[in-house]
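These are my notebook entries on one chain.

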Amino acid sequence: MLLYADRKHARAWRFFLALAALVAAGYGLTLWIFYPGIMTFDAKFVYGYIAKGTLGDWQSPVMTVLWGAIDPIAPGPGSMFLLIATSYWLGFGLLAFAVARRSRRVALLLPLLALLPPAFVFVGIIWRDVLFATTWLLAAATAFAVVKRGARVRTPAQVLALALCAFGVLLRPNALVAAPMLVAYIAWPCQISLKRTAILFFPAMLGFFALVQLVYYGALGATKQHPLQTIMVFDLGGISHFTKQNQYPVVWSEPESAMLLNTCYQPTEWDIYWRLEPCDFVMRKIEKEKGMFGTPAMTEAWVLALRSHPFAYLQHRTAFMWNFLAGDNATMWLADLDHWTETVFPDRTAFVALVSLHDILKPTPLFRVGSWLLGCIIVCGFTWSRRETPEGAFALGVCGSAVLYVLTFFAVGVASDFRYGYWAVLACIAGGAVATLGQRKPQGAVSSGSACRKTSRTGEPIYLPAAGAGASEGVVHAL
């Protein structure tokens with residue numbers, strides 16, 4: 001028996017070393033293909049604030065502060081790329097090691113799933129949407145990895161996971177609607193309770209909203225650049241188009257009015273009214289000539305338009321959402337910001353091959369946000385009956401939050417890029433993999449202080465099995 005146990009222990013160690021090597025290989029492949037990372041226009045805007053010593057709320061000021069702090073590690077895009085790549089592979093790695101105690105096949109599959117093009121091709125691109133998604137993946141994986149551990153390990157890990165969740169909201173404030181679902185999972189990782197989640201939902205939303213205000217404008221003193229009014233400009237353009245009546249608080253010339261009502265509107269992005277010819281006259285007049293952008297006049301015009309034409313607003317928002325979910329939208333960023341006519345890494349064979357694969361798959365459902373939203377909905381439905389298990393709670397926590405997050409773009413979306421739905425991609429992959437783990441019969445020990453203790457209707461404690469507990473560990477320990 002002792003010899004058998006030693007052999008079994010040795011096989012387990014070999015497996016975990018192989019799994020660690022697989023995750024490390026994925027991380028190394030990411031560095032080989034993407035280092036020092038791809039600087040996007042948004043990222044350059046954020047990075048520029050570091051040198052200027054100023055902060056604004058058009059992009060997340062928290063990302064600017066963080067980037068400034070880590071920039072000495074690899075000045076320029078390198079530091080932020082390393083942070084994104086590390087959080088990505090650490091999240092999948094933690095999840096794989098936690099899953100390994102239940103299923104070695106699924107554990108080995110997770111690093112391979114992390115290489116799926118809709119997930120992997122974005123890891124080297126510096127967008128706050130990518131950092132946000134990898135941060136939330138790491139938060140959920142951290143909670144799942146310690147769900148069966150004692151309170152001394154589990155509690156600090158849960159605090160860290162909650163901090164990562166809050167950081168995600170500070171990166172993407174519209175995530176405050178989805179965050180309560182993830183918070184409910186992190187706080188109670190053994191089961192998702194509808195009643196408890198419903199009670200938590202609105203107070204958590206208000207708490208995250210207050211956190212954004214406190215950090216952005218209180219602690220960091222960020223300049224208000226009125227990003228919410230981009231939504232209003234886009235909505236007023238859509239309502240004007242569908243009603244054939246000008247909704248903006250300015251008067252247009254006859255040619256401008258004809259373009260505004262008939263040809264300018266596209267349910268794709270607000271940039272049409274901001275910087276794209278010939279319809280950039282809209283923001284030019286609103287912002288530069290009339291000085292109305294950022295004033296109450298824009299807000300009043302928006303409220304009046306919604307109140308007077310709710311069906312036109314719904315037409316506009318439905319058209320946008322359909323394009324966001326099903327359209328062939330922008331995916332990888334390939335432009336070299338220093339040489340606009342060239343693409344990044346043209347001489348890097350591995351990167352060029354990855355781009356070629358991306359181009360082949362781009363017309364398929366793999367690069368449609370709606371496919372991943374549907375996948376998350378299916379995972380939620382599949383695991384609903386197992387919501388009182390750690391595996392079901394994880395799948396519902398990540399995929400449920402992803403569903404809510406994507407749906408927020410119906411009201412706040414101003415562009416249709418695939419990256420805005422990136423959290424749904426990671427949530428579907430991670431949640432779907434964990435959802436394949438069947439419910440195991442109680443057969444092992446639960447460590448002292450484990451979170452996974454339930455109470456029967458008679459008041460007697462019911463202990464759920466610890467991950468990886470074998471039949472030879474035959475005693476169930478009380479908390």
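Entry 1, overall make-up. I took helices (H or I, at least four residues) and strands (E, at least two) as DSSP runs, numbered from the N terminus. On that basis I found 20 helices and 6 strands in the chain. I noted that this is a predicted model, in which local features need pLDDT of at least 70 and side-chain atom pairs count only at pLDDT 80 or more, while totals for chains, interfaces and linings use all residues. Residues are numbered from 1 along each chain as its sequence is written, and side-chain values use heavy atoms, with hydrogens and water left out.

I called a residue buried under 20% relative accessible area, exposed over 50% and partly exposed in between (1.4 Å probe, protein chains only). Of the 479 residues in the chain, 53% are buried. I then looked up contacts, meaning heavy atoms within 4.5 Å. Among contacts with a separation of 6 or more, 76% join residues 24 or more positions apart.

I fitted axes as lines to C-alpha atoms over the stretch in contact, with angles from 0 to 180 degrees between N-to-C directions. The axes of H12 (residues 254-263) and H14 (residues 281-289) come within 11 Å and cross at roughly 115°. In this contact, Glu256, Met259 and Leu260 of H12 meet Phe281, Val282 and Lys285 of H14.

I paired rings of Phe, Tyr and Trp (its six-membered ring) if their centres lie within 6.5 Å; planes under 30 degrees apart count as stacked, over 60 as edge-to-face and the rest as tilted. The count by this rule is 36 aromatic pairs. One of them is Trp270 with Trp274, which is stacked at 5.0 Å centre to centre with 15° between the planes. Is Trp270 buried or exposed? Trp270 is buried, because its relative accessibility is 4%. Trp274, at 32%, is partly exposed. I also found a cluster linked by ring pairs, whose members include Phe132, Trp136, Tyr265 and Trp423.

I counted a charge as over a ring if NZ of Lys or CZ of Arg is within 6 Å of the ring centre and within 35 degrees of the ring normal. Arg104 lies over the face of Phe15, 4.7 Å from the ring centre. Arg348 lies over Phe345 at 4.0 Å.

Two strands pair if DSSP finds at least two bridges between them. S3 (residues 335-336) and S4 (residues 339-343) pair in the antiparallel sense over 2 bridges. A hairpin of 2 residues joins S3 to S4, and Ala335 stands opposite Thr343 in S4.
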